[in-house]
Amino acid sequence: MYLAAEKGDINTIIGGIAPNWGPFGSLGAEAKVMIEVVMAVAILLCLGIAIWGAAKQRIGATALRDTFSAEQGKGLIVAGLTGVFIIGSLGTLFTIVYGMAV
């Protein structure tokens with residue numbers, strides 16, 4: 001039986017935000033680390049926005065009976081998760097655009 005997890009490690013999981021591809025391949029090690037840190041902070045910020053939106057939706061919908069707050073919470077959840085998706089797929093987008101330009 002072949003298990004996909006046998007050959008993977010943590011670098012497989014977090015390698016998606018590591019800019020070792022395309023135009024970032026020629027950068028120095030310090031620049032790559034800075035880009036990784038900025039992308040990781042942006043992902044954490046977007047996740048924080050989504051969690052804040054979930055809390056706002058839950059509190060607004062049940063405790064306060066405030067439908068406006070609940071709708072704002074839904075918008076924050078969508079915005080946060082969309083940001084995570086966009087940042088997580090930047091590697092693919094840059095690779096496609098860089099490949100088309102070369």
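Mentor: Let's begin with a term: a helix here is a DSSP run of H or I with at least four residues, and a strand is a run of E with at least two. By that rule, this protein has four helices and zero strands, in the pattern α-α-α-α along the sequence. Keep in mind that the model is predicted.

Trainee: How do you know where the confidence is lowest and where it is highest?

Mentor: The predictor gives each residue a pLDDT from 0 to 100. Helix α1 (residues 10–14) has the lowest mean, 55, and α3 the highest, 87. Across the protein the average is 75, and 69% of the residues score at least 70. Where pLDDT is low, the predicted coordinates should not be read in detail.

Trainee: What makes the span of α3 agree with its 22 residues?

Mentor: At 1.5 Å a residue, α3 should span 32 Å, and its end C-alpha atoms are 32 Å apart, so the two values agree.

Trainee: Which residues of α3 are buried, and why are they said to be on the same side?

Mentor: The buried ones are S69, A70, G73, L76, G80, G83 and I87. They cover an arc of only 145° around the axis, so they lie on the same side of α3. The face turned away from that buried side carries the exposed residues T67, F68, V78 and F85.

Trainee: Why is F85 called exposed?

Mentor: Exposed means over 50% relative accessible area. F85 has 60%, so F85 is exposed.

Trainee: What makes the contact of E71 and K74 a salt bridge?

Mentor: The rule asks for a side-chain nitrogen of Lys or Arg within 4 Å of a carboxyl oxygen of Asp or Glu. Here the N to O distance is 3.4 Å, so the contact passes the 4 Å cut-off. Both residues lie in helix α3, three residues apart, about one turn of the helix. A search of the whole structure finds one salt bridge.

Note on methods:
Residues numbered from 1 in each chain as written. Predicted model: local features only at pLDDT ≥ 70, side-chain atom pairs only at ≥ 80, totals over all residues. Heavy atoms only, no water. Buried < 20%, exposed > 50% of the residue type's maximum accessible area, 1.4 Å probe, protein only. Expected span 1.5 Å × (residues − 1). Arc of directions from axis to C-beta.
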